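Please look over the structure below. The briefing that follows covers charged pairs, aromatic rings and surface charge.

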Amino acid sequence: MNRLDQMRNDIKTAYSQQEFQNAAKIGEELLQQQKSNNNNLHYANDMYNLGTAYMELGQFDRAMELLVDSSCRMASIEGYTANYSDCLTNIAILTGRTGNHMPAYRMHKDAVDVIKNLPSRDNKLYSDKLYNLGNAASQLNRRKEALRYHFMALKLRQEIGNPEDLINSLHSIAFQYEEQNEIEPTAIYASTAANIAQYSGQGRAEAYFYLAGIYERLGAKEDALNFYEEAQQEISCSAGKSSSAYMNTAFRKADMLCKLERIEEALECQMEVTELFEKQFGKNHIFYASCLCNMAVLHKKLGNIRHAEASMLKAMKIRHGLDDIMTDIIFLIKLYLQAGEAQNALETMVYALMLHKPSDDDYSEIVANLAEIFTEEDASVSIPSVTDAMDFLNDKEKLRPIIAKWLDWEASEAD
């Protein structure tokens, strides 16, 4: 084996191990070695492989440069072949990623035509090109055209029998129907994908998760919950509980349990998600704050006032300065009022209205905002009369320590 062939084998090995940086490094050296003899098909293929490596690395400008040059060389040396079609596909994918969907669509169509007109057509490759073209048509909101290409791909894939490809085609067809608000056919194709996944072992978690979402939109909560649980079990066995897919599925399951009024189970599930997310991403992530907010809501439903309070205060600490926390503050005020803790409610009202930043000596804006918040937010919640609140908020001696308390809270470190 000569030096160039050895380098090509090294690139294949790097690809198989997903070491794309190494593949790119060897690929650049490989092109340099052939600089004096760069008009052969080997050189065009090497350019294509290097461009693909840069695609995987997200270096799209360099990838596009290599792929365009490679496609021109292939067409002039070898003609319109499968390799040329693959090159067009990757250029189309890169073009689509830049938001230029019409040129991407046209290149995907050209890639399909190349394979279609080959004397000995590879149906697996042809179905893949049709699938890509269907997705490109979808990007242009050409739903009927997208469905036509996806059905053509599905027919070929049914003949080939690869479960993963079948599931992908069925999901794409379901998606097109869903985008047109045709829920019944959406559910049919999603269910078919889930059935294939169940018996083939291919992509079961993704199929179950997708179908759960369909049933959720149909309002079939029990069915949705069952499929979220199926997906969760599959992911637990394959990717593990620390995976983002597991956490996302458990999060959706917790929400569905809440909608079914199975609050204790929902809280248990949400606690698991929160703990897993904390271990992986720490306590300062915005999604961790969302988990805490959900826990606060569930604790409130169960009457666990102190747990609800603690969770919401932690969430507010994380979200402060990153997000609008007025909804969190109003939640706390309602929590205290419903628990009969008027003083805590008033003190939290003060903080809610501190965020409006009135002038130091004028509390009339605070009082006006206080009345507005509860008039708009929830007229059913009983609050201290506006007169009592005004008297309280105009008493600077009472107000100063409360403001100081909240300023100290803002300055303190998160737990």
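The structure holds 26 salt bridges, each being a side-chain nitrogen of Lys or Arg within 4 Å of a carboxyl oxygen of Asp or Glu. The model is predicted: local features need pLDDT of at least 70, side-chain atom pairs count only at pLDDT 80 or more, and totals for chains, interfaces and linings use all residues. Residues are numbered from 1 along each chain as its sequence is written, and side-chain values use heavy atoms, with hydrogens and water left out.

**Salt bridges**

- R62 and E28 meet through their side chains in a salt bridge of 3.1 Å, N to O.
- Because R62 lies in helix α4 (residues 60-77) and E28 in helix α2 (residues 20-33), this pair ties together parts that are 34 residues apart in sequence; helices are DSSP runs of H or I, at least four residues, numbered from the N terminus.
- R62 is partly exposed at 25% relative accessibility, and E28 is partly exposed at 23%; buried means under 20% relative accessible area, exposed over 50%, and partly exposed in between (1.4 Å probe, protein chains only).
- R62 also forms a salt bridge with E65, at 3.3 Å from N to O, and both residues lie in helix α4, three residues apart, about one turn of the helix.
- In helix α13 (residues 244-259), K259 and D255 are four residues apart, about one turn of the helix, and their closest N and O atoms are 3.3 Å apart in a salt bridge.
- K259 is partly exposed, at 40%, as is D255, at 26%.

**Aromatic rings**

- The whole structure has 12 aromatic pairs, counted when ring centres of Phe, Tyr or Trp (its six-membered ring) lie within 6.5 Å; planes under 30 degrees apart are stacked, over 60 edge-to-face and the rest tilted.
- One of them is the edge-to-face pair of Y15 and F20, with 5.6 Å centre to centre and 70 degrees between the planes.
- Y15 is partly exposed at 22% relative accessibility, whereas F20 is buried at 14%.
- Y208 and F227 form a tilted pair, 5.9 Å centre to centre with 40 degrees between the planes.
- Y208 is in helix α11 (residues 204-218) and F227 in helix α12 (residues 221-238), so the pair ties together parts that are 19 residues apart in sequence.
- F251, F277, F281 and F287 form one aromatic cluster.

**Another helix residue**

- N83 is found in helix α5 (residues 82-97) and is partly exposed at 31%.

Note on methods. Helices (H or I, at least four residues) and strands (E, at least two) are DSSP runs, numbered from the N terminus.
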